[in-house]
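I opened a new page today and wanted to get my bearings before anything else.

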Amino acid sequence: MSTPKIEIENFDYTGLILKEPKEKAVGIPAIISSVKHMAKYMDPIDAFKLSLKINQKGGFDCPGCAWPDPDDDRSAIGEYCENGIKAIAEEATKKSLTADYFANHSVAEISKLSDFEIGKLGRLTEPMILKNGATHYEPIQWKDAFSLIAKELNALATPDDAIFYTSGRTSNEAAYLYQLFIRSFGTNNLPDCSNMCHESSGVGLSETVGIGKGSVTLNDLYEAEVIMVMGQNPGTNHPRMLGALEKCKENGGKIITVNPIPEAGMVNFIDPQSPMSILKGGTSLTDLYVPVRLNGDVAFLKAIMLILLAKEDAGENIFDQEFITSYTANYEALITDLRTYTIQECAEESGVDVLLIKEAAELLAYNQKIIICWAMGLTQHENGVSNIQEIVNLLLLRGAIGKPGAGTCPVRGHSNVQGDRTMGIWEAPKPAFLDKLDQVHNIKSPREHGYHVVSAIEAMHAEKGKVFFAMGGNFLSASPDTHFTAQALQNCSLTAHVSTKLNRSHLITGRQALILPCLGRTDKDVQADGEQFVSCENSMGVVQSSQGILTPPSKQLKSEVAIVSEIANFTLQNTNIPWLNMAGNYDKIRDAIEQVIPGFENYNERIRKPAGFYLPNGARERKFDTENGKANFTINTLPKHRLAEGEYFMMTIRSHDQYNTTIYGLDDRYRGIYNERRIIMMNQIDIDARGWETQQEVNLFSAFNGVTREARKFLVIPYTIPVGNVATYFPEANPLIPIDSYAAKSHTPTSKLVKITIKEVS
Ligand SMILES: Nc1nc2c(c(=O)[nH]1)N[C@H]1C(S)=C(S)[C@@H](COP(=O)(O)OP(=O)(O)OC[C@H]3O[C@@H](n4cnc5c(=O)[nH]c(N)nc54)[C@H](O)[C@@H]3O)O[C@H]1N2
Ligand SMILES: Nc1nc2c(c(=O)[nH]1)N[C@H]1C(S)=C(S)[C@@H](COP(=O)(O)OP(=O)(O)OC[C@H]3O[C@@H](n4cnc5c(=O)[nH]c(N)nc54)[C@H](O)[C@@H]3O)O[C@H]1N2
Ligand SMILES: [Mo]
């Protein structure tokens, strides 16, 4: 494998400072931190205007995460959180990145900056092109950019040589128009960030309960008697979820946290929106902390089910037999399979003490309203789909789905990643969706499935994918196997990115590259028929409007909708779809969505209601839309992991100061790690065994299917993490994640389980 010549990693240390990990999350320090952040990067008047509008009815949808907003009672000062503020400040920054900067700095020079420094360059302001063989980006007129894209697309031997990526901030309206264009052009090559994120949840849930989304609402969380939070760090990634967990506790609920590391937010939480909570010093959220070993979740869940089965055998009515008989299939097979394992063996594989598992099992046996929440700690594994299906098994046994206070809660990442999928951003669309799309728009969509993220990278690497177009995101840095992905992108004839901010994907490019700067969530969007709003779907299937209020950083920016419509107009001959007309008034796009996608009846009317509307959700009503019409128990094998001497399992996680590949700052405040991202967290026992000290400098290696990958220069720090497990930050450690290591069925890269070896730098 050849390594690209352009630098793709910045190797300089920034000066590690270690402190004790925090036990408390949010509270006053979080308010101070967010105010400082806004003050540093934003115009004060803009900051004030925005703070009143975040996640308000009639305001804009915070571009941070997909956590839902309360249906009625919203905080007067905005449903904000520290990390939402950082996401907004990052977008609404007063700094602009102009053509001058590109004229004065070559791509090679900009590549030397760290991701943190690149992010601080400011908002992109005009379309730019990197011509074949050029060293610098230069300005290009919009119409010339569109015509170049059209020319490249139409020169392809087949539409399947083009790849169209989507990140999850894209609105429903832009996503719908985008997929309509791509399918009119003739391909289903629609990889998206979901492929690297909750795809395992989508696949796991669809097969078992007939819908790839969670079943609970916010009110269910308030009402639950037990919430088990698995593989998730909400204190950093979904801070507003902590408020919901606190409400659950106030109502007498119990919380079990299953995580290899004790994450701050789950231990003690102070709600910044509640003066009482600040005075009382907060709530300890977790009642039972289960320090599972990396990928020990199937084992842990099986151990729980075996304990419940023993109680059932002993004549206690633990399983909801009435629910099981009326609504499920495959129960006997599950029980027969469970009996082939022992509690002891499962406990050992999970790395958790049997007594602790028994405590968790008691809570799950004697409470009726159970919710299980999860995120990347469960999905980004080879057995990511099994992880989710084992959760479903447990919930089904207890009849804990489709009733108040109970159900599945995959906590989504990007603010509209769920909506994008609803709009048809999917490489494997259902025939019924395509039939309707074809009928309404009088097109002929291709039926063959397209590339997901992993197969898209492989295709470009093999020079089969030739034009790469991205609607948002940072494909290079977010994808696994950074050097392999870099080569893949460099093989393309054109890479084009619709973006708000510069990122590394603009620096590792095809032979020609385009930067197409767009409006962000917080910007005013004025089209032919006047000011427009867009809509987004949150983690719980609520569709709401979102309208920016700030003057965009440059007159040259276009909305994502406008960009798509112009590309379609330039590219497609004989198209009967009124692209530009639809882009002039987003109501027209919503009218089309209403005709094609179930659940959007009277879209334009209902989206104007203050709190939006709920999409239909079969699992919520015990209507399981599976092939047999039942909720299905599944049989999942018990993973058995063995490490040889000197091997470790590595997870790649987010720090408190980043949004995926956007690095807001260099601190991970809750974990006590300051001013450095090139670190590796290890158990003190593992550090001692190697005879190392804190801050030992090391290089990391992963060997998989005969290829060895490396990532150099990391500093060892001791951390509370199971022996044999280590943690690094995403995206610094992405070069170690093998392109061919992904989840069965969902193809999600195994970002939470990479076998590595560690060598000291002498
Ligand atoms: N501020 C901020 N907010 C964000 C994001 C961000 O980067 N910054 N990203 C957004 C996106 S796209 C997403 S998908 C979400 C991500 O939200 P999270 O999934 O919370 O993010 P990660 O940092 O990947 O954390 C994974 C958690 O799973 C645990 N874990 C890892 N492996 C295992 C395992 O095998 N078993 C168990 N039980 N636990 C495990 C880790 O210790 C960690 O606590 O957040 C969204 N919100
Ligand atoms: N090792 C490892 N890798 C991972 C993960 C992990 O946990 N570990 N997590 C995975 C997950 S869960 C995800 S979701 C992916 C994320 O993958 P992506 O979604 O591709 O990455 P982001 O970093 O969120 O994208 C940031 C860029 O989006 C652009 N942007 C921001 N707002 C807008 C907007 O409104 N419109 C447009 N057009 N552009 C915008 C900006 O230019 C910014 O630089 O990464 C995955 N990669
Ligand atoms: Mo994600």
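Below are my notes, grouped by what I looked up.

**Ground rules.** I am working with a predicted model, in which local features need pLDDT of at least 70, side-chain atom pairs count only at pLDDT 80 or more, and totals for chains, interfaces and linings use all residues. Residues are numbered from 1 along each chain as its sequence is written, chains are lettered from A and ligands numbered from 1 in the order in which they are written, and side-chain values use heavy atoms, with hydrogens and water left out.

**Domains.** I began with the division of the chain, and I found domain 1 (98-178 + 426-616), domain 2 (199-410) and domain 3 (647-760). These bounds come from an automatic or database domain assignment. I then turned to domain 1 and domain 3, whose centres, taken over C-alpha atoms, are 31 Å apart. Their contact (heavy atoms within 4.5 Å) takes 17 residues from domain 1 and 17 residues from domain 3.

How much area do domain 1 and domain 3 bury between them? I noted about 1,500 Å², with 61% of it on carbon and sulfur atoms. Buried area here is the accessible area (1.4 Å probe) that two parts lose on being put together, summed over both.

Next I looked at the pairs across this boundary. One salt bridge is counted between domain 1 and domain 3; the term means a side-chain nitrogen of Lys or Arg within 4 Å of a carboxyl oxygen of Asp or Glu. I also looked up D481 and R709, whose side chains meet in a salt bridge at 2.8 Å, N to O. Ten residue pairs are in polar contact between domain 1 and domain 3, both residues at pLDDT 80 or more. On the side of domain 1 that touches domain 3, the elements giving two or more residues are α6 (115-119), α24 (453-461), α25 (475-478) and α26 (482-490). Helices like these are DSSP runs (H or I, at least four residues), as strands are (E, at least two), numbered from the N terminus. A polar contact is a pair of N or O atoms within 3.5 Å; within protein, one must be able to donate a hydrogen and the other to accept it, and residues adjacent in sequence count only if both atoms are side-chain atoms.

**Ligand 1.** I listed 31 residues around ligand 1, and N259, E263, D297, Q658 and N660 come nearest. To be near, a residue must have one of its heavy atoms within 4 Å of the molecule or strand. The side chain of E263 has an N or O atom 2.6 Å from an oxygen atom of ligand 1. From the backbone, an N or O atom of N233 lies 2.8 Å from an oxygen atom of ligand 1, and one of G231 lies 3.3 Å from an oxygen atom of that ligand.

**Ligand 2.** Which residues come nearest to ligand 2? Of the 30 around it, they are Y165, S167, A478, E560 and T661. I found a polar side-chain atom of Y165 at 2.6 Å from an oxygen atom of ligand 2. K501 has a polar backbone atom 2.7 Å from an oxygen atom of ligand 2, while G472 has one 3.5 Å from a nitrogen atom of the ligand.

**Salt bridges overall.** I counted 37 salt bridges in the structure. One of the pairs I looked up is D313 with R339, at 2.8 Å, N to O. The pair links distant parts of the chain, 26 residues apart: D313 sits in helix α15 (residues 297-313), and R339 in the loop between α17 (331-338) and α18 (343-350).

Most residues other than glycine have a negative phi, and most peptide bonds are trans. I noted a cis peptide bond between F730 and P731, with omega about 5 degrees. P731 is in the loop between β31 (725-729) and β32 (754-760). N574 has a positive phi, near 55 degrees, and lies in the loop between α27 (560-571) and α28 (579-584).
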